[in-house]
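Open the model in your viewer and keep the selection panel at hand. We will go from stop to stop, and at each one you select something and look at what is there.

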Amino acid sequence: MKTFSSFCKTLTLILILLATSVNAHAWGWVKYESTSPATIYPGDKVEIQMLLNGDANGASYKRFGYGTTNSKAGLTWSEDYNWIENVGSDNRWKFNFTPTSATTYYWSLWIGWGNSVGDNGHYYKTGDWNEGSGSYQSASVTVNAVPKVKAFTATAQSTSSIALSWTKNSLNDDVLIVQGSSTAPTQGTSYSNGSTIGTGKVVYKGSATSTTITGLSASTSYTFYIYSIHNSKYYSASTSASATTKTPTNSLSVVAGEGIASVTGSTDPVTLNSAYSITATPKTGYTFNTWTANPAENATFGSATTAS
């Protein structure tokens, strides 16, 4: 029995050692270093740098996940990463993603020896040297809204033009101005002058701080909406300004010609495209003939009758 008992103990020890040998794994160690830029806006390329030790660097399956839903399934797992340099016996890597909206984005690094995320590996996030976790874990970054334009004003210049001026945002972004609609431009879409947005149209796109909109109707109110443009196709919230084009100030001067004793009913100033009644009384011995305008294109006569 002693011989058999010793054999069983030896066999058990061998099996334990063998099982330990099969399951043992030197998980990689990772150190988070930095996230740039420090302040993130839609369309910015976010770069996260991390140090990987030899084991982590040699893993056969690396993926970087990012997204707005904080779960393994909610992240997009990408191979958008690059080795940068050796740092002693470690390796510096950068992992990239581009956010498309102003919200919280989550990210996680998977380092494994299997064939998919979650297969024989660990998840890593921010922190000093650590061997990660077999359970999903993530870090997050805040993506800020594009800053708005400041001090946007509209001033009527004439009966057909309005001058617009503004102060650009803190990022010195270009601007997009839409006339006639508060519908916001679509994030991720680029527009040009004349493009339609909602029921309005783009009347200016560029880097200036003022412009004049022409070809407008007289005595008409116009509202303009201005947006900062970040990274060519991401937009701030709008700032609006309104102005009414000037009313024409027309003067009607009626002069009695030869043979006219008096002219009554003239009005000054007059409103453009309005009708007025004027009476001319001929002198004794004269007969009323017709009206004439000088210059002729400035007035149109409907009916002309002699005075009674």
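The tour starts with the whole chain and then moves to single sites.

**Before you select anything**

This is a predicted model, in which local features need a pLDDT of at least 70 and side-chain atom pairs count only at pLDDT 80 or more, while totals for chains, interfaces and linings use all residues. Residues are numbered from 1 along each chain as its sequence is written, and side-chain values use heavy atoms, with hydrogens and water left out.

**Stop 1: the whole chain**

Show the cartoon: the protein has two helices and 20 strands. Helices (H or I, at least four residues) and strands (E, at least two) are DSSP runs, numbered from the N terminus. Of the 308 residues, 35% count as buried; buried means under 20% relative accessible area, exposed over 50%, and partly exposed in between, with a 1.4 Å probe and protein chains only. Among contacts between residues at least 6 apart in sequence, 59% join residues at least 24 apart, a contact being heavy atoms within 4.5 Å.

Now colour by pLDDT, the predictor's confidence in each residue, from 0 to 100. The protein averages 86, and 76% of the residues score at least 70. Select residues 7–25, where pLDDT stays under 50 and the model has two contacts beyond four places in sequence. Then pick residues 304–308, also below 50 in pLDDT, with eight contacts beyond near neighbours in sequence. Where pLDDT is low, the predicted coordinates should not be read in detail.

**Stop 2: aromatic rings**

Select the Phe, Tyr and Trp side chains. Their rings (the six-membered one for Trp) pair if the centres lie within 6.5 Å; planes under 30 degrees apart count as stacked, over 60 as edge-to-face and the rest as tilted. A search of the whole structure finds 15 such aromatic pairs.

Zoom in on one of them, Y123 and Y136: this pair is edge-to-face, at 5.6 Å centre to centre with 80° between the planes. The pair links distant parts of the chain, with Y123 in strand β8 (residues 121–124) and Y136 in the loop between β8 and β9 (139–142), 13 residues apart.

Next, highlight Y32, F64, Y66, Y81, W93, F95, F97, Y105 and W107, which form one aromatic cluster. Then centre on Y61: R63 lies over the face of this ring, at 4.1 Å from the ring centre. A charge sits over a ring if NZ of Lys or CZ of Arg is within 6 Å of the ring centre and within 35 degrees of the ring normal.

**Stop 3: H122**

Return to strand β8 and select H122. This residue is buried, with a relative accessible area of 10%. Which residues does H122 touch, not counting those up to four places away in sequence? They are W27, L109, W110, I111, E131, G132, S133 and G134. For E131, display the backbone oxygen, which lies 2.6 Å from a polar atom of the H122 side chain. This is a polar contact: a pair of N or O atoms within 3.5 Å, where within protein one must be able to donate a hydrogen and the other to accept it, and residues adjacent in sequence count only if both atoms are side-chain atoms.

**Stop 4: β12 and N193**

Select β12 (174–179), where five of the six residues are buried. β12 pairs with strand β16 (residues 221–230) in the antiparallel sense over six bridges, and five bridges join β12 to strand β14 (residues 200–206), also antiparallel. Two strands pair if DSSP finds at least two bridges between them. In β16, I226 is the bridge partner of I177; in β14, K205 stands opposite L176.

The N193 side chain has a polar atom 3.4 Å from the backbone nitrogen of Y204, and one 3.1 Å from the backbone nitrogen of K205.

**Stop 5: backbone details**

Select S36 and P37: the peptide bond between them is cis, with omega near 0°. P37 lies in the loop between β1 (30–36) and β2 (46–52). Then go to N172, in the loop between β11 (162–167) and β12, which has a positive phi of about 60° although it is not a glycine. Finish at S219, in the loop between β15 (210–213) and β16: phi is near 55° here, and S219 is partly exposed, with a relative accessible area of 40%.
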